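Colleague: Could you walk me through this one? I'd like to start with the ligand and then go on to a helix and some backbone angles.

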Amino acid sequence: MSHRPIAFHFRGATVEIEGLAPGTTVLQWLREHRRATGTKEGCAEGDCGACMVVIGELDAGRLRLEAVNACIQFLPTLDGKALFTVEDLTTLAGGSLHPVQQALVDAHASQCGFCTPGFVMSLWALYENRVAGVDRDQALDAISGNLCRCTGYRPIVDAALAMHAAPRVTLDRAHVIAALQRLAGLPDLEYTAHGRTFLAPKSLEAFAQARLQHPAARIVAGSTDVGLWVTKQLKDIGDVLYTGGVATLKSIATTGERLEIGAAASLNDAYDALIADHPEWTELKRRFASLPIRNAGTLGGNVANGSPIGDSMPGLIALGASVVLRKGAAERELPMEDFYLAYQKTALEAGEFLRAVRVPRGRNTPVLFRTYKIAKRYEQDISAVCAAFALVLEGGRIAQARVAFGGMAATPKRAPACEAALTGQGWNEATAMRAAAALARDYQPLDDLRASAAYRREVAGQMLIRFWHETGGAREAAVRIEDLAPVAAAGARA
Ligand SMILES: Cc1cc2nc3c(=O)[nH]c(=O)nc-3n(C[C@H](O)[C@H](O)[C@H](O)COP(=O)(O)OP(=O)(O)OC[C@H]3O[C@@H](n4cnc5c(N)ncnc54)[C@H](O)[C@@H]3O)c2cc1C
Ligand code: FES
Ligand code: FES
């Protein structure tokens, strides 16, 4: 570790920062220190997308460009990366409007304009990453983290579909890659200012050592939970130990027996790996927050945060996942359900951290698996209830049942009475009804503004009945919102 300034690529050159508190957000730095006010502040909690910027990172020698919310990213997390804001697009386009911006103008996709720079940056990331053009679904996912309260989304989607039509204006990727390669040669970051230190080791060993030496430091990964403690609860999070510099913590490895997802793998990458084995995760991935939150947030952060309404845990617990915890050079493995001791209390000891999540592989096992989320909105909403069911059938009988719920107790939790009602039975409607009734013995649901306890109890049983309909009953293909075609405008004739 060496004391040095934060260094990153910005506006075509390396910027070095000293003297600013490590808890300064990227948005604060842009607006208050650089006076780069094209990036807006709406909610300061990752919900509205007004603050969208694009981060560039090296990934196996290639440039990875991703939209993230600047309001909840801490400035030192930019070390070794490239930062792009809406002002960069004008430079790229030689002083004119960039094709993304021109497409928004042409589609009348802006009224008050407050949200517009955020949409521009989300769409610019899509424009750079999908050179051959985009479809409606990709456009909708790209803007899933952007709110517009006056224009309406139809013209914005039209602009996204049209932005490739104009002559291409592209980023000089070779220039950015060369800059990032130079930054990669810097030593591990130890940045101190205003009495607080931000540590960003690059190797697993150095991270484990730093964790032992600074057991009170707050581990930060994507800061999509921690960032809000600072911007909304105005908490001082003390010294920080950042996982984002450790490449091995981001790795995802598959063997015949299991999938191992490093704690710092992004939610997007982690869910893609889960989907490869169980496509039933697909809808949950799409409904987990928004694309920029999944770009920044990590699976390890979701699991370690231990929220009772976190979305990944029910499915992982149902599939028999375990957590790999590391302290110094020693590792131990726990079933994920044993990791949660009480409300936001985990089995992590002082000096220990989550290294990886392991998931047994289901390709050769007849597992019927589903995970469902009930929330008030399709995207960018926290669950009222999240359920997961996994059954192993042998000769028409349920040989093994694992059921887990979020939002039904103080922690993500299995449902032993429901599992007992399933195990050994035929997978039929009567079994499903009995098992749904048994859930009443497993949980005293939360009662809060997202949903009443009575609603949660009712909907939990209905989720199990839905599982029966989809996997054992009529095997009806579920009707999903994303599969519904837009209705043709009145008067439009083929
Ligand atoms: C707008 C918005 C929407 C959201 N929507 C959803 C949603 O739909 N579903 C959902 O489940 N969550 C949602 N979240 C919450 C959040 O995005 C997730 O919990 C995310 O996975 C957190 O990951 P992170 O990397 O950002 O964690 P961080 O915020 O960096 O850390 C979270 C916690 O985990 C600890 N931690 C992180 N990594 C480790 C490690 N390796 N070892 C030990 N401790 C560690 C940190 O110390 C902290 O206590 C949302 C958040 C926002 C802002
Ligand atoms: S200001 Fe709303 S997401 Fe950042
Ligand atoms: S144009 Fe006003 S909020 Fe989108």
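Colleague: Which domains give residues to the shell around ligand 1, and where does it lie?

Modeller: Bear in mind that this is a predicted model. Residues of the shell come from both domain 1 (2-87 + 173-247) and domain 3 (251-471), so ligand 1 lies between them.

Colleague: And which residues come nearest to ligand 1?

Modeller: Of the 32 residues around ligand 1, the nearest are Gly46, Ala221, Gly222, Gly301 and Asn302. Helix α13 gives the largest share of the shell, five residues, while β9, α9, α13 and β17 each supply at least two.

Colleague: How many residues of that shell are nonpolar, polar or charged?

Modeller: The shell around ligand 1 divides into 14 nonpolar, 13 polar and five charged residues.

Colleague: Changing topic, which residues are buried in α18?

Modeller: Those are Arg456, Ala460, Met463, Leu464, Phe467 and Trp468. They cover an arc of only 140 degrees around the axis, which puts them on the same side of α18. The elements covering these buried residues include β18, β19, β20 and α17.

Colleague: What about Ala60 and Ala289, is each buried or exposed?

Modeller: Ala60, in the loop between β4 and β5, has 6 C-beta neighbours inside 10 Å and therefore counts as exposed. Ala289, in the loop between α11 and α12, has 23 C-beta neighbours inside 10 Å, so Ala289 counts as buried.

Colleague: And what is the phi of Ala60, and of Ala289?

Modeller: Ala60 has a positive phi of about 50 degrees although it is not a glycine, and Ala289 also has a positive phi of about 50 degrees. Most residues other than glycine have a negative phi.

Notes: Residues numbered from 1 in each chain as written. Chains lettered and ligands numbered in written order. Predicted model: local features only at pLDDT ≥ 70, side-chain atom pairs only at ≥ 80, totals over all residues. Near = placed C-beta within 6 Å. Helix = DSSP H or I, 4+ residues; strand = E, 2+ residues; numbered from the N terminus. Nonpolar A, V, L, I, M, F, W, Y, C, P; charged D, E, K, R; others polar. Domains from an automatic or database assignment. Buried ≥ 20, exposed ≤ 12 C-beta atoms within 10 Å, placed from the backbone. Arc of directions from axis to C-beta. Contact = placed C-beta atoms within 7 Å.
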